[in-house]
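Colleague: Could you walk me through a few local features of this one while I have the viewer open? I'll jump around a bit.

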Amino acid sequence: MNDLIKNIENWFAERDLLAEKNLVAQLNKLQSEVDELEEAMDQKDMDGFRDAIGDIFVVLAGMARIKGCSVEDCVKEAFNEIKDRQGVTVEGTFIKRADLEKLPNSVRKALIGRATFNNLDDTF
C-alpha cells in the first residue's frame, strides 16, 4: 500500500497538483467523484462503483499530500479516534454516544430500540 500511495503522490507532483492553491480544485474533483459513486450505486454498476471508490482514494491521497500529510496517517488517526466509540447503528448509520446524549430522551430511546448494533455500556 505504501508504494501505491507514493505512486499517487508522485503522479500529483508530476502534474504540478501539489500546490496549496490547488486544494479547492481537488475538493471539487472529490465532489465530482462522490457524485459518480452515487450514480454507480443508483445504477447498480459494480465497475463504476469500484472506479469511483478508487478515484476518491486517489484524490484524498493527493489532498493529504498537498497539506503535508499522508492519507495513510489520516486514516490511522481517524480509526484510532473511532475504534473504541460506543453507540448504536440505525438504518446503516453509526450514531456515537456523545450525539445520542444530545437528543431528547424519547428520541434516544426510539433510536436505541431500532438499533441493529448497540455497544452502549450499562451506564447509558
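Colleague: Does Thr89 count as buried or exposed?

Modeller: Bearing in mind that this is a predicted model, Thr89 has a relative accessibility of 18% and therefore counts as buried, since the cut-off for that class is under 20%.

Colleague: Where does Thr89 sit?

Modeller: Thr89 belongs to strand β1, which covers residues 87-90.

Colleague: And which residues is Thr89 in contact with, leaving aside its neighbours within four places in sequence?

Modeller: With those neighbours set aside, the contacts of Thr89 are Phe94, Arg114, Ala115, Thr116 and Phe117.

Colleague: In which sense do β1 and β2 pair, and over how many bridges?

Modeller: The pairing of β1 with β2, the strand made of residues 93-96, is antiparallel and runs over 4 bridges. Together the two strands form a hairpin that leaves 2 residues between them, and in that turn Glu91 has a positive phi of about 50°.

Colleague: Switching to the helices: what is the span of α1?

Modeller: Helix α1 takes in residues 2-14, which is 13 residues, and from its first C-alpha to its last it reaches 18 Å, close to the 18 Å expected at 1.5 Å a residue. Asp16, which follows α1, has a positive phi, near 55°.

Colleague: Which residues of α1 are buried?

Modeller: Those are Ile5, Ile8, Glu9 and Phe12.

Colleague: What do the buried residues of α1 pack against?

Modeller: They pack against three helices, namely α2 (23-42), α3 (46-66) and α4 (71-82).

Colleague: I've clicked on Ala61; which helix does it lie in, and what is its relative accessible area?

Modeller: Ala61 is part of helix α3, and its relative accessible area is 0%, so Ala61 is buried.

Colleague: What does Ala61 touch, not counting residues up to four places away in sequence?

Modeller: With those residues excluded, Ala61 touches Ile8 and Val71, and Ile8 is one of the buried residues of α1 that I listed above.

Colleague: How many residues apart are Ala61 and Glu9 in sequence, and what is the distance in space?

Modeller: Ala61 and Glu9 are separated by 52 residues in sequence, while their C-alpha atoms are 7.0 Å apart in space.

Conventions
Residues numbered from 1 in each chain as written. Predicted model: local features only at pLDDT ≥ 70, side-chain atom pairs only at ≥ 80, totals over all residues. Heavy atoms only, no water. Expected span 1.5 Å × (residues − 1). Buried < 20%, exposed > 50% of the residue type's maximum accessible area, 1.4 Å probe, protein only. Contact = heavy atoms within 4.5 Å. Pairing = 2+ DSSP bridges.
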